[in-house]
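Work through the following exercises with the sequence and the model at hand. Each task is followed by a solution in steps.

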Amino acid sequence: MGKQAGFINEAGDVLKDVLKEKSLKLFNDPALVQKLIDQCIVKKETPQETSYHAHVCLYKNSPGHLALTQFGAISQEKKEKKVQIIKECAEESGVSRSAVLSARKGDFQDEPLLKQYFFCINKKSQIQNEAGEYKTDVIRKGLTELFNAEEANRIIEKCARIQDSALNTAFQSFKCFYNEAPEITGVF
């Protein structure tokens with residue numbers, strides 16, 4: 001998880017600068033962020049132990065219970081909001097669990113309920129409006145928490161394309177983001 005979030009490199013070293021940069025976006029308090037890094041980012045015997053220790057320590061000691069996820073560092077509040085949106089959209093769309101699980105593995109079945117589910121998530125996340133148009137400023141803000149501005153813009157240009165309907169726009173964007181930004185694929 002630490003590697004996927006970009007906080008631990010292949011050698012198992014903690015990339016404190018990356019974690020500091022991303023944490024400052026959440027807390028905007030340099031003293032607090034430095035305290036959390038000093039307290040929680042300790043290299044252990046294995047990268048897995050390092051990641052686990054960091055996750056537990058940050059969760060226990062940060063305001064709002066910061067969580068390290070495969071998407072990066074997010075507050076407990078943001079995590080709970082994402083989970084709530086996913087739950088609501090699954091219920092509202094009536095999508096089958098198997099269709100969602102297949103999509104999470106890269107098998108995007110061309111089925112209307114899955115498209116409704118993705119569109120619902122995008123609307124509730126304020127990524128698309130009711131007409132299906134993208135709110136690129138919202139997408140850009142979210143992506144720059146994980147990527148540099150150049151990479152975020154590249155992903156937006158490739159994936160935020162209007163299709164023949166709002167449902168197809170959402171569906172195609174999820175497929176594209178799955179391939180272009182695997183760091184965020186767990187958000188559905």
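**Exercise 1. Disulfide of Cys89 and Cys120**

Determine the handedness of the link between Cys89 and Cys120, and state where its two ends lie.

Solution. Step one: in this predicted model, the sulfur atoms of Cys89 and Cys120 are 2.1 Å apart, and the two residues form a disulfide. Step two: the angle about the S-S bond is -75°, and the link is left-handed. Step three: Cys89 belongs to helix α5 and Cys120 to helix α7, so the bond connects distant parts of the chain, 31 residues apart. Step four: both Cys89 and Cys120 are buried.

**Exercise 2. The remaining disulfides**

How many disulfides does the structure hold, and what is the pairing of the bonded cysteines in sequence order?

Solution. Step one: the structure has 3 disulfides. Step two: one of them joins Cys40 to Cys57, with an S to S distance of 2.1 Å. Its torsion about the S-S bond is about -65°, so this disulfide is left-handed. Cys40 lies in helix α3 (residues 30–40) and Cys57 in helix α4 (residues 47–61), so the pair ties together parts 17 residues apart in sequence. Cys40 and Cys57 are buried.

Step three: Cys159 and Cys176 form a disulfide with sulfur atoms 2.1 Å apart. The torsion about the S-S bond of Cys159 and Cys176 is about -65°, so this disulfide is left-handed. Cys159 sits in helix α9 and Cys176 in helix α10, and the pair links distant parts of the chain, 17 residues apart. Cys159 is buried, as is Cys176. Step four: with the bonded cysteines numbered in sequence order, the pairing is 1-2, 3-4, 5-6.

**Exercise 3. The nonpolar cores**

Identify the elements that give two or more residues to the largest nonpolar core.

Solution. Step one: the largest nonpolar core has 18 residues, and those with the most contacts inside it are Cys89, Val95, Phe108, Leu114, Tyr117, Phe118 and Ile121. Step two: two or more residues of this core come from each of α5 (76–93), α6 (97–104), α7 (112–124) and α10 (166–180). Step three: the most are given by α7, with 6 residues. Step four: another core lies apart from this one and has 12 residues, including Val33, Leu36, Ile37 and Cys57.

**Exercise 4. The two sides of helix α9**

Which residues of α9 are buried, and which are exposed on the other side?

Solution. Step one: in helix α9 (residues 149–159), the buried residues are Ala152, Ile155, Ile156 and Cys159. Step two: these residues cover an arc of only 100° around the axis, which puts them on the same side of α9. Step three: Glu150 and Glu157 are exposed on the other side of α9. Step four: the packing partners of the buried residues of α9 are α8 (136–143) and α10.

**Exercise 5. Salt bridges**

Find the residues that are linked with Glu180 in a network of salt bridges, and classify the exposure of Arg154 and Lys158.

Solution. Step one: the structure has 7 salt bridges. Step two: Arg154 forms one with Glu180, the closest N and O atoms being 2.8 Å apart. Arg154 is in helix α9 and Glu180 in helix α10, so this pair ties together parts that are 26 residues apart in sequence. At 34% relative accessibility, Arg154 counts as partly exposed.

Step three: Lys158 also forms a salt bridge with Glu180, and here the closest N and O atoms are 3.2 Å apart. This pair links distant parts of the chain, with Lys158 in helix α9 and Glu180 in helix α10, 22 residues apart. Lys158 has 42% relative accessibility and therefore counts as partly exposed. Step four: Glu151, Arg154, Lys158 and Glu180 are linked in a network of salt bridges.

Step five: Glu130 forms a salt bridge with Lys123, with the closest N and O atoms 3.5 Å apart. Glu130 counts as exposed because its relative accessibility is 60%. Lys123, at 28%, counts as partly exposed.

**Exercise 6. Confidence**

Solution. Step one: the protein averages a pLDDT of 82, and 82% of the residues score at least 70. Step three: where pLDDT is low, the predicted coordinates should not be read in detail.

Conventions
Residues numbered from 1 in each chain as written. Predicted model: local features only at pLDDT ≥ 70, side-chain atom pairs only at ≥ 80, totals over all residues. Heavy atoms only, no water. Core = buried A, V, L, I, M, F, W, Y, C linked by side-chain atoms within 4.5 Å. Buried < 20%, exposed > 50% of the residue type's maximum accessible area, 1.4 Å probe, protein only. Helix = DSSP H or I, 4+ residues; strand = E, 2+ residues; numbered from the N terminus. Arc of directions from axis to C-beta. Contact = heavy atoms within 4.5 Å. Salt bridge = Lys/Arg side-chain N within 4 Å of Asp/Glu carboxyl O. pLDDT = per-residue confidence, 0-100. Disulfide = S-S within 2.5 Å.
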